[in-house]
Amino acid sequence: MPKRVDHAERRAVIADAVLAVVARGGIEQASVRHVAAEAGVSAGMVQHYFRTKDELMRAAMERVGAAVERRLSLLPADTPPRELLRALFRQLLPLDDERAREGRVALAFLAYAAVDPAAAAELRDDGRRMRAYVAAQVPGGEVTAVALLGLIDGLGMQVLTGDLDAATAIAAFDAQLAVAFGAELQGTGPGK
């Protein structure tokens, strides 16, 4: 009897290999050869599941999104909006090894999208959905959502590059989240 192949599992293994390769060496390293070696499969198998580098990168970004969603799914259904957003944004900040790896991949995909119209369109769609979701949670709607998301992007980049430590990034974000929900900003920085 022929062996049954779980195609979804194979795709996931290859997509995880792309994540590892890009997180370690950037998008330039995301070649079929490097991904195949990381996944422990043949180059032909990588090409069978992902015909182009675009498909490899999209699969990696889908894995990042799925990981964030999986962690957020652990929140209780009745989590208040402010705490829900705090949890969401903490998932987007590179606060541990897993999220730092995901952040490096997301940053690489962002750079890739700057020169690839199809990837840029996909990011725009994701951005619109995220802005709409956040806007529905905060007073001030879309303008506040744009400000908070921009802050998270900037803080994430600063933590990834070592320019800012995680505690300071969290304190900065928590302070702005408090302002977004109508609290006065008072001595919320590290050490206060």
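User: Helices here are DSSP runs of H or I with at least four residues, strands are E runs with at least two, and both are numbered from the N terminus. On that basis, how do the elements of the protein run?

Analyst: From the N terminus on, the order is α-α-α-α-α-α-α-α-α. The count is 9 helices and 0 strands. Keep in mind that this is a predicted model.

User: What does the C-alpha trace span along its principal axes?

Analyst: About 65 × 35 × 30 Å.

User: And what share of the residues is buried?

Analyst: Of the 192 residues in the protein, 38% are buried. The protein exposes about 10,900 Å², and carbon and sulfur atoms supply 55% of that area.

User: Of the contacts between residues at least 6 apart in sequence, how many join residues at least 24 apart?

Analyst: 61% of them.

User: Switching to helix packing. At what angle do α1 and α4 pack?

Analyst: The angle is about 90°, and the axes are 8 Å apart. The two helices are therefore roughly perpendicular to each other.

User: Which residues meet there?

Analyst: On the α1 side they are Ala12, Ile14, Ala15, Asp16, Val18, Leu19 and Val22. On the α4 side they are Leu56, Met57, Ala59, Ala60, Arg63 and Val64. By class, this contact has 11 nonpolar, no polar and 2 charged residues.

User: Which residues of α4 are buried?

Analyst: Leu56, Met57, Arg58, Ala59, Ala60, Met61, Val64, Ala67, Val68 and Arg71.

User: What covers them?

Analyst: The cover includes α1 (7-25), α2 (32-39), α3 (43-49), α5 (81-92), α6 (97-113) and α7 (117-137).

User: OK, α6 then. How many residues, and what reach?

Analyst: Helix α6 has 17 residues and reaches 24 Å from its first C-alpha to its last, close to the 24 Å expected at 1.5 Å a residue. Its buried residues are Arg99, Ala100, Glu102, Gly103, Val105, Ala108, Phe109, Tyr112 and Ala113. What covers them includes α1, α4, α5, α7 and α8.

User: Why does Ala108 count as buried?

Analyst: Because its relative accessibility is 13%, and the cut-off for buried is under 20%.

User: What does Ala108 touch, leaving aside its neighbours within four places in sequence?

Analyst: Val22 and Ile27. As for Arg90, 18 residues away along the chain, its C-alpha is separated from that of Ala108 by 20 Å.

User: Now Ala20. Where is it, and is it buried or exposed?

Analyst: Ala20 is in helix α1. It is buried, with a relative accessible area of 13%. Leaving aside neighbours within four places in sequence, Ala20 is in contact with Glu38 and Arg101. Ala20 and Ala8 are 12 residues apart in sequence, and their C-alpha atoms are 18 Å apart.

User: Change of topic: how do α8 and α9 pack?

Analyst: Helix α8 (residues 141-160) and helix α9 (residues 166-180) pack at an angle of about 175°, with 10 Å between their axes. That makes α8 roughly antiparallel to α9, since the cut-off for that label is over 145 degrees.

User: Which residues make that contact?

Analyst: From α8, Thr144, Leu148, Leu151, Ile152, Leu155 and Val159. From α9, Ala166, Ala169, Ala172, Phe173, Gln176, Leu177 and Ala180. By class, the contact has 11 nonpolar, 2 polar and no charged residues.

User: And Val179, where does that sit?

Analyst: Val179 is in helix α9. At 37% relative accessibility, Val179 counts as partly exposed.

User: Last one, Phe181. Where is it placed, and what is it in contact with?

Analyst: Phe181 is in the segment after α9. Leaving aside neighbours within four places in sequence, Phe181 is in contact with Pro81, Arg82, Leu85, Gln137, Val138 and Pro139. At 25% relative accessibility, Phe181 counts as partly exposed. Phe181 and Ala111 are 70 residues apart in sequence and 32 Å apart in space, C-alpha to C-alpha.

Note on methods. Residues are numbered from 1 along each chain as its sequence is written. This is a predicted model: local features need pLDDT of at least 70, side-chain atom pairs count only at pLDDT 80 or more; totals for chains, interfaces and linings use all residues. Side-chain values use heavy atoms; hydrogens and water are left out. Axes are lines fitted to C-alpha atoms, for helices over the stretch in contact, and angles run from 0 to 180 degrees between N-to-C directions. Angles under 35 degrees count as roughly parallel, over 145 as roughly antiparallel, 65 to 115 as roughly perpendicular and the rest as oblique. Contact means heavy atoms within 4.5 Å. Ala, Val, Leu, Ile, Met, Phe, Trp, Tyr, Cys and Pro count as nonpolar, Asp, Glu, Lys and Arg as charged, and the others, Gly among them, as polar. Buried means under 20% relative accessible area, exposed over 50%, partly exposed in between (1.4 Å probe, protein chains only). Accessible areas come from the Shrake-Rupley method with a 1.4 Å probe; for residues, only the protein chains shown count as cover. The expected span of a helix is 1.5 Å times one less than its number of residues.
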